[in-house]
Amino acid sequence: MYHSDMKTNGKTIGRTSECDLVLDHHSVSRVHASIEVSEEGYLEVQDMHSSNGTFLHRNGRWIQARKVILGTQDRIRFGEEEVDLDRLVELFGDRQRVRLREGFSARGKPLVFDEHLNDLPKPRVVLENPRRNPVTGDIEENR
């Protein structure tokens, strides 16, 4: 594995052939990001200090994210290379149940929760330097 903090169920995304998901694009770092299944069964992507960043499209805009749990309405980009969420889920095959959180509202809170998941922690987006947008009220990366 490329990162000492990565759990055993983690996968890597990057340009090198040793990654679990190889993205052949000049904006993708050799080892760009890691992806794992959280304890709750959700996909969690973490940027591995890549040169060109990992970006999440949520609430109608792209934001740079260091670590994020993906939802069904999200889009994700590694550098300039956008990857379909189904492709990320497929990395874990049939041996592990993987879920995406249901859609997100304009304030970044889930719109729909599965009934049997009420006791689980709510999804989180971890940004390195977040701020509240004074116009929309959305939480976003402060650049």
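Val68 counts as buried, because its relative accessibility is 3% (buried means under 20% relative accessible area, exposed over 50%, and partly exposed in between, with a 1.4 Å probe and protein chains only). The model is predicted, so local features need pLDDT of at least 70 and side-chain atom pairs count only at pLDDT 80 or more, while totals for chains, interfaces and linings use all residues. Residues are numbered from 1 along each chain as its sequence is written, and side-chain values use heavy atoms, with hydrogens and water left out.

Val68 belongs to strand β7. Helices (H or I, at least four residues) and strands (E, at least two) are DSSP runs, numbered from the N terminus. Val68 and Val45 are 23 residues apart along the chain. Their C-alpha atoms are separated by 5.4 Å.

Strand β7 covers residues 67–69. It pairs with β4 in the antiparallel sense, over three bridges. Two strands pair if DSSP finds at least two bridges between them. Strands of a sheet pair through backbone hydrogen bonds, either parallel or antiparallel. Within this pairing, Glu44 has Ile69 in β7 as its bridge partner. Strand β4 is mostly covered, with four of its five residues buried.

β4 also pairs with β3. Five bridges join these two strands, which run antiparallel. Val37 has Leu43 in β4 as its bridge partner. β3 and β4 form a hairpin, and five residues lie between them. In the turn, Gly41 has a positive phi of about 95°.

Along the sequence, the pattern reads β-β-β-β-β-β-β-β-β-α-β-β-β. The chain has 143 residues, and 49% of them count as buried. Contact means heavy atoms within 4.5 Å. Among contacts in the chain with a separation of 6 or more, 43% come from residues 24 or more positions apart.

The largest nonpolar core has 23 residues. Such a core is a set of buried Ala, Val, Leu, Ile, Met, Phe, Trp, Tyr and Cys residues joined through side-chain atoms within 4.5 Å. The residues with the most contacts inside this core are Ile13, Ile35, Leu43, Val45, Leu70, Phe78 and Leu88. Two or more residues come from each of β3 (33–37), β4 (43–47), β8 and α1 (85–90). Strand β3 gives the most, with three residues. Leu88 touches Ile13, Leu21, Ile35, Leu43, Leu70, Ile76 and Val83, not counting residues up to four places away in sequence.

Four strands form an open sheet. Their order is β6-β5-β8-β9, and the pairing is antiparallel. β6 (61–64) and β9 (81–83) stand at the edges, each with a single partner strand, so one side of each has no neighbour in the sheet. On average, neighbouring strands of this sheet are turned by 30° against each other, direction ignored. Axes here are lines fitted to C-alpha atoms, for helices over the stretch in contact, and angles run from 0 to 180 degrees between N-to-C directions.

Strand β8 (residues 75–78) is joined to β9 by three bridges, and the two run antiparallel. Arg77 stands opposite Glu82 in β9. Arg77 also lies over the face of Phe55, at 4.4 Å from the ring centre. Its charged end sits over the ring of Trp62, 4.7 Å from the centre. A charge sits over a ring if NZ of Lys or CZ of Arg is within 6 Å of the ring centre and within 35 degrees of the ring normal.
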